[in-house]
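I am keeping these notes as I look through a structure I have not seen before.

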Amino acid sequence: MDTEETKSPLDRDYVYIKDRPSDKMYQQERKELQPYSSTVSISTTEQWEKELMEDSKNRLALSALSSNDPKAILTQRSSTIANTQNFNVKVELEGAPITNQRASGRCWLFAATNVFRVAIMKRYKLKEFELSQAYLFYWDKLEKANYFLEQIVNIVDKDLEGRLIQRLLEGPVGDGGQWDMVANLVEKYGLVPHALYPDSFNASSSGAMSSLLTSKLREYALELRQLASRSAKAKESLGAAKEKMMREIHLILTLLLGPPPNPDKDITWEYYDKDEKFQSLTTTPLKFAGELSSESSIKANSGTNVHELFSLANDPRNKYGQLLSVSRLGNVVGMRPVRYVNVEMMTMKAACIAMLRSNIPVFFGCDVGKFSDGNSGVMDTDLVDYELGFNTRLGLSKAQRLMTHESAMTHAMVLTAVHVVDGKSVRWRVQNSWGETAGSKGWFVMSDRWMDEFVYQAVVDPRFVGKDVQDVLKQKPKMLPLWDPMGALA
């Protein structure tokens, strides 16, 4: 018999198993299968294939669909023709230029600043203007890191393998966000013109930075838990440990994005107005943002104070006329939580149309990947005919898509126009943040049916909803778990 010394290195690497308990396990599993359970049958699939290929239509489909993007093959020309960039209700000033978030997940910051800039353009009489999305991005990353570590400290005794902590660890400092989160940032840090804090490489291509921050935060989470497990006294030192961690996060952010303007210190913005006259303004980021609530700005913005806007949502799983929130979702500790007033789509649409009639653009959140084409800029439920290609249709309702995590808010954009026929909306004009090469020079068009199915949020002025909707904000919210689809960050 070979000993360990006489065996070759290759033999020593093998593990010899006499019994195979796994076979017994599989046999037991098969016994436990329900009477209607079955495995995939090779002979059955062979018969299916034979019947499939007997139909000439399927042979044609095979040639086309196996060699191309199925959505491109099945796109309906009638949909692209019907969804034109013509609208009978349109805001007077849409805002320019078309912005580009590039290789980052900052759509929510772009959509929000594209709404804010219209009020600023009116206030300062500008032809074109862009706010710094990178400025808000910097502070959001720092705040999210702090928010994450605070959550870890708060639930330090919970099971590491539990769903809540695993969800927090999944994306501690992602690029995405929500309206209430940008409202927090503007309230705490203000706004600055793009020219004073333009994108760095890592703002416009955020993958490497986000990966580094995520790795460090996961490491910090385990360190905090280990420190807390030592003793009750050790828990008292968590605050000091967290501060050291935050200093390291600050270092990483500052070196990758560049030092941002101080919210309380003067900045000088030089610009030309629409009459090509040179102008100069010295202010602070907080004062610059605060100007949006000034009497002159509100007047220029048709009576709307952008700091008072709030989110309507359409989540058919939950009761309408109810305030919804998401547990442990936010960015700035101690400030505004993410909240939605859940309403029917007809209420949301009516508010959006009223906003547009008053020349106020509308921030909205949607599932942009469904039945949409980035090249043509068309978003329409009739755009792709899956039944034509595969003899099957996608039959889930909006509520069912949310229940099964088939759909969620993945992108934020801005509405600037709507076409209304006989009092009903037909299609909507959408300002995207994917640059001028996407859609029609950066503009998209959304059919009304697509809005019904894939729009989940619209941010509106309280003036354009009834008192019953306004009063929902006074309710105690129904708290959805962090992993709920309504907790997705656009």
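**Entry 1. The largest pocket.** I looked up which element gives most to the lining of the largest pocket: helix 20 has the largest share, with 3 residues. Helix 20 covers residues 448–454, and helix 18, at 386–390, also supplies at least two residues of this lining. I note here that the model is predicted. The volume of the largest pocket comes to about 510 Å³. Its lining has 19 residues, and Phe371, Thr381, Tyr386, Arg393 and Leu394 are the closest to the centre. I sorted the lining by class and got 10 charged, 6 nonpolar and 3 polar residues.

**Entry 2. The second largest pocket.** I repeated the look-up for the second largest pocket, which holds about 390 Å³ of space. Here 21 residues form the lining, and those nearest the centre are Gly171, Pro172, Leu329, Leu482 and Leu489. Helix 8 provides the largest share, 4 residues. Helix 8 spans 133–154, and helix 9, spanning 163–170, likewise gives at least two residues to the lining. By class I find 10 nonpolar, 6 polar and 5 charged residues in this lining.

**Entry 3. Strand 12.** Which strands pair with strand 12? One is strand 9, residues 378–379, which runs parallel to strand 12 over 2 bridges. In that pairing I find Val378 bridged to Val445 of strand 12. The other entry I have is strand 11, residues 424–431, which is antiparallel to strand 12 over 5 bridges. There Trp428 sits opposite Met446 of strand 12.

I then checked how far strand 12 is covered. Strand 12 runs over residues 443–447, and because 5 of its 5 residues are buried, the rest of the structure largely encloses it. The side chains divide by direction: Trp443, Val445 and Ser447 point one way, Phe444 and Met446 the other way, and all are buried.

**Entry 4. Strand 13 and its partners.** Strand 13, residues 455–460, has 6 of 6 residues buried, so it too is largely enclosed by the rest of the structure. I traced its pairings next. Strand 4, residues 310–313, pairs with strand 13 in the antiparallel sense over 4 bridges. Strand 7, residues 362–366, is also antiparallel to strand 13, with 3 bridges joining them. I looked at Ala458 in both pairings: Leu312 stands opposite Ala458, and Phe364 has Ala458 as its bridge partner.

I followed strand 4 onward. Strand 4 and strand 6, residues 339–342, are parallel and share 2 bridges. The bridge partner of Leu312 in strand 6 is Val341. Strand 6 pairs in turn with strand 5, residues 322–326, in the antiparallel sense over 4 bridges. Within that pairing I find Ser325 bridged to Arg339 of strand 6.

**Entry 5. The nonpolar core.** How many residues does the largest nonpolar core have? I count 134, and those with the most contacts inside the core are Phe116, Leu191, Leu312, Phe363, Leu415, Trp428 and Met446. Two of these names I had already noted as facing each other, Trp428 and Met446. For background, nonpolar side chains in soluble globular proteins tend to be buried together.

I took Leu191 as an example and left aside neighbours within four places in sequence. Leu191 is then in contact with Phe116, Leu131, Tyr135, Leu136, Val186, Pro285, Phe288, Ala289 and Leu292.

**Entry 6. Helix 10.** Helix 10 covers residues 179–189 and is mostly covered, with 9 of its 11 residues buried. Gly190 follows helix 10 and has a positive phi, near 80 degrees.

**Entry 7. The whole chain.** The chain has 21 helices and 14 strands. Of its 490 residues, 49% are buried. The C-alpha trace spans about 95 × 70 × 45 Å along its principal axes. Among contacts with a separation of 6 or more, 78% are between residues 24 or more positions apart.

How values were computed: Residues are numbered from 1 along each chain as its sequence is written. Side-chain values use heavy atoms; hydrogens and water are left out. A nonpolar core is a set of buried Ala, Val, Leu, Ile, Met, Phe, Trp, Tyr and Cys residues joined through side-chain atoms within 4.5 Å. Buried means under 20% relative accessible area, exposed over 50%, partly exposed in between (1.4 Å probe, protein chains only). Contact means heavy atoms within 4.5 Å. Two strands pair if DSSP finds at least two bridges between them. On a 1 Å grid over the protein atoms alone, a cavity is a set of points where a 1.4 Å probe fits but cannot get out, and a pocket is an open set with protein on both sides within 12 Å along at least five of seven lines; lining residues have an atom within 4 Å of a point. Grid points are joined across faces, edges and corners, and a volume is the space filled by probe spheres set on the points. Ala, Val, Leu, Ile, Met, Phe, Trp, Tyr, Cys and Pro count as nonpolar, Asp, Glu, Lys and Arg as charged, and the others, Gly among them, as polar.
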